[in-house]
Amino acid sequence: LDGTYTAYLTGNNSGVGTATLSGTLNGSSFNDSENVTITEGLPNLAQSAITSSPSTMTTDETSTISVRLKDQWGNLIIHSRGDVALFTDLGVLSSVTDHNDGTYTATLSANNTGTGTATITGSFTGTGSASAVNGPFSDNTTVLITEGLPVLSQIQITANPVTITADETSLITIRLKDQHGNNLTQSRGTVTLATNPIGALSAVTDNMDGTYSATFFLNAFGTGTATITGNFAGTGSASGVNGSITDNATVLVSHGVATKLTILTQPSSIATAGVVFAQQPVIRIEDQFSNLVTADDATIVTAAVATGTDILKGTLTATAIYGIAPFSGLFYTKAETITLGFSSAPALATATSTNIVVGHAPVDHFALNAPANITAGASRAGYVVTRYDFYDNLVTTGPQTVYLFSSSAGANKKFFNA
């Protein structure tokens, strides 16, 4: 009503720059115009954006996290206006880089926190003219982290239990892991196992969850520490991963339950009647795989004649000491070939010795076989002198001069060899 008119120019999402103002009056344009320079406003925490690229990665890869400052209208801010901090609940973030153009970036990498969805949030601390703008951004971004490739130096081989007897088994488990030590949850190839220097392994089972298993057991003689090693051959996306697994597992194997007797030291193969065998038998207490049962200090072993017609003499029992039962003082008094049998309490599988050839002892006495009556003037019948040792064994070796005497007057002395 005073010849003046007013209006207000307000920024919007059309951005920044120079606004040219012009007008009309009753449909006729003014000859005059006015320019207004619109510059960026303050960052707005509800409008600023957080993005990720890519939004899916493996634990071997990375994703770039970007923050774009915007004003209240969503216009891009093209200057540094403060400091940005970023946070993730999975994986790890690098330090934030301010590009001085209203954008900030950081790198998301996997670590040993595993796989899943990482949610990245941020906060802003304004500086300069934006110092009043502080707090968390409303926006966030997510990155799906999936498992990476198996790494030979990270794969684990374990045994359970780590100590067994020869009669028991141990479960061997292989766990695939990525470079950060995260468990893989899918089958990624083939595992083979080997054991040294003792024992055997069943076929390896792929459990289709990133683990493989086999059974360790003893199948032959041997106790001590078995070392289980492995090899991995990748398939599919892991086909480039091949070679020996760095890790190994050990299983300590001790003897099993006693099942049998064996002969550690055979008795003398040649012996003399009535004389203690020069080499006395020594018996082992063994498990099913012929391992010495070193914990056995109680089994009583009895020796007896297995083949032969007389009985064994001497100390016929021996008690095991650390699984060894040594005999002493055994002898035999009949000249013949024999074998010895060994049994035990508690009962174990028996053992039989090799042959023992028992020879006679030295001559102890004679037997004379001659006609009871001789006719005068007739030919004299033959005389037979037989030699025996103390145990009445026939003495068959070694020539010996035997003297026969007649108690009659005038008898001739004659030498005979027998």
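**Figure 1. The largest nonpolar core of the predicted model.** This core holds 26 residues, and the members that touch the most others are Ile172, Ile174, Phe216, Ile228, Phe232, Val251 and Val253.

Figure 2. Another core lies apart from the largest one and has 24 residues. Ile285, Val301, Ala325 and Tyr332 are among its members.

Figure 3. Ser353 sits in the loop that links β32 (351-352) to β33 (356-359). Its relative accessibility is 7%, and because buried means under 20% relative accessible area, Ser353 counts as buried. Beyond its neighbours within four places in sequence, Ser353 makes contact with Ile263, Gln266, Pro267, Thr339, Leu340 and Phe342.

Figure 4. Leu21 belongs to strand β1, which covers residues 17-21. With a relative accessible area of 33%, Leu21 is partly exposed; that class takes in values between the 20% limit for buried and the 50% limit for exposed. When neighbours within four places in sequence are left aside, the contacts of Leu21 are Leu9, Ser33, Glu34 and Val36. Thr225 is 204 residues away from Leu21 in sequence, and the two C-alpha atoms are 92 Å apart in space.

**Figure 5. The whole chain, for orientation of the close-ups.** The chain has 37 strands and zero helices. Its C-alpha trace spans about 195 × 35 × 30 Å along the principal axes. The radius of gyration is 52 Å, whereas a compact globule of 418 residues would have a value near 22 Å. Of the contacts with a separation of 6 or more, 59% are between residues 24 or more positions apart.

**Figure 6. Surface and charge of the chain.** Buried residues account for 35% of the 418 residues. The chain exposes about 22,700 Å², of which 52% is supplied by carbon and sulfur atoms. There are 28 negative and 14 positive side chains. The centres of these two sets lie 32 Å apart.

Notes. Residues numbered from 1 in each chain as written. Predicted model: local features only at pLDDT ≥ 70, side-chain atom pairs only at ≥ 80, totals over all residues. Heavy atoms only, no water. Helix = DSSP H or I, 4+ residues; strand = E, 2+ residues; numbered from the N terminus. Rg over C-alpha atoms; globule rule 2.2 N^0.38 Å. Buried < 20%, exposed > 50% of the residue type's maximum accessible area, 1.4 Å probe, protein only. Contact = heavy atoms within 4.5 Å. Areas by Shrake-Rupley, 256 points an atom, 1.4 Å probe, with all protein chains shown as cover. Lys, Arg positive; Asp, Glu negative; His and termini not counted. Charge placed at Lys NZ, Arg CZ, Asp CG, Glu CD. Core = buried A, V, L, I, M, F, W, Y, C linked by side-chain atoms within 4.5 Å.
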